[in-house]
Amino acid sequence: MSGTTLPGADHETAKRRTTLRAYLTVLSLYGAVAGGHLMGAFLAFMELCGKSVPGWTRVVEGVCWLTGLACAALWLAWLIRTRPRRMRRLVLLIGIGCVIAADEAGLLSPSRTSTQVAGRLCEIVLWVWLCIEITTRRGLTLQALSMPRPFRPLSKRCEAERRRCIEWNLVFYRHAAALVVGGILAFLTTLLPGPALHADQQGAAAGVPDFWPGLIQGIWSAAIEEVLVTAAVVTILKAARRPLWEIVAVVAAMRALPHAYLGLGPVLAGLLPAAAAAWLYHRHQHVVPLIAAHTAHNTITLVVSAIGWPAVLPWLLFINVSARIAGKAAEGAQPTRPEDKN
């Protein structure tokens, strides 16, 4: 009996290996995309607490960012090497890398400085593409990367499309509400005693002091956080049969840590929308409405901070518009009966 292996032991070993592989993939993705951002966030947090930060640490931050992009590009090239028409895909990947490099070198602007626009947009393509390839190779799918056709009355949609449209809007509304509540909580934490950044300092700490780079950064963070840190992580850990509470906790921690430059209070407040996004994707598997709600929230907040309105107004407007969208979707919740058509 000592030389035999029980079936239960084999099952537990396979389960541990599956979990280990899932977490290695998740942490590798997260380390590549967030390595430089984590370094910058914690350096800014130390400065916020009055600690002196050596100048050479900024070089390390840039090296982490470049290393993450290089690893992502090599990882993606390795994944697509066996795909059909791989040369076309590799040429596209090389083109994306060239645009990012040219933008960072200042070749796309007359002032010879980075625009933080073209390169950022190409980064979104790179990271989303990598997530799709990784999940596809594991026999998984991020699912619902498309959106319902807009501006078409629900009464003229088939039953399946009507339900999908309603669910899409429901996810958008719930995530919008979570973002609003998280934003309000973050605002309230700035009123507590302790160090806090002003709006212009927040932009500088995030590396986006100007309006247009800040707008692109808002789109970038919405796409990356929802696709990579939410959808991909939930998909991979769910396939590894990890419990829901663990998946939500991992996603919430991953999404909150890069915002450490805002201070401890806003980071804790950001756990709520992050957990809500993880739960919504785990249940509905729609990532586009998560990106749409997050992008709208970031854009409204940026625009209003530039204009100088009270910060609570855009959140109230945002949740009101989201509620109206969800209400319009709910009008078609009841399926059309055959006798109603006559």
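# Reading an aromatic pair and a cavity

Analyst: By the ring-pairing rule, this predicted model comes to one aromatic pair.

User: How do I read such a pair, and which residues form the stacked one?

Analyst: A pair of aromatic rings is described by how far apart the centres are and by the angle of the planes. The rule takes rings of Phe, Tyr and Trp (its six-membered ring) with centres within 6.5 Å; planes under 30 degrees apart count as stacked, over 60 as edge-to-face and the rest as tilted. Here the centres of the Trp168 and Phe172 rings are 6.3 Å apart and the planes lie at 5°, so the pair is stacked. These two residues sit four apart in helix H5 (residues 159-189), about one helical turn.

User: Are Trp168 and Phe172 buried or exposed?

Analyst: Both are buried. Buried means under 20% relative accessible area, exposed over 50%, and partly exposed in between (1.4 Å probe, protein chains only). Of the chain's 342 residues, 40% count as buried.

User: What does the secondary structure of the chain come to?

Analyst: It comes to 12 helices and zero strands. Helices (H or I, at least four residues) and strands (E, at least two) are DSSP runs, numbered from the N terminus.

User: How do I read a cavity, and which residues line the largest one?

Analyst: Rolling a probe the size of a water molecule over the atoms shows where empty space is left. On a 1 Å grid over the protein atoms alone, a cavity is a set of points where a 1.4 Å probe fits but cannot get out; lining residues have an atom within 4 Å of a point. Grid points are joined across faces, edges and corners, and the volume is the space filled by probe spheres set on them. This structure holds one cavity of 30 Å³ or more, and the largest cavity has about 40 Å³ of space. Its lining includes His37, Trp65, Glu123 and Trp220. Helix H1 (7-48), helix H2 (56-79) and helix H4 (118-137) each give two or more residues to that lining.

User: What sits over the ring of Trp220?

Analyst: The charged end of Arg120 does, 4.7 Å from the ring centre. The rule asks for NZ of Lys or CZ of Arg within 6 Å of the ring centre and within 35 degrees of the ring normal.

User: How are the numbering and limits set?

Analyst: Residues are numbered from 1 along each chain as its sequence is written. Local features need pLDDT of at least 70, side-chain atom pairs count only at pLDDT 80 or more, totals for chains, interfaces and linings use all residues, and side-chain values use heavy atoms, leaving out hydrogens and water.

Conventions
1 Å grid on protein atoms, 1.4 Å probe; cavity = no way out; pocket = protein on both sides within 12 Å on 5 of 7 lines; lining within 4 Å.
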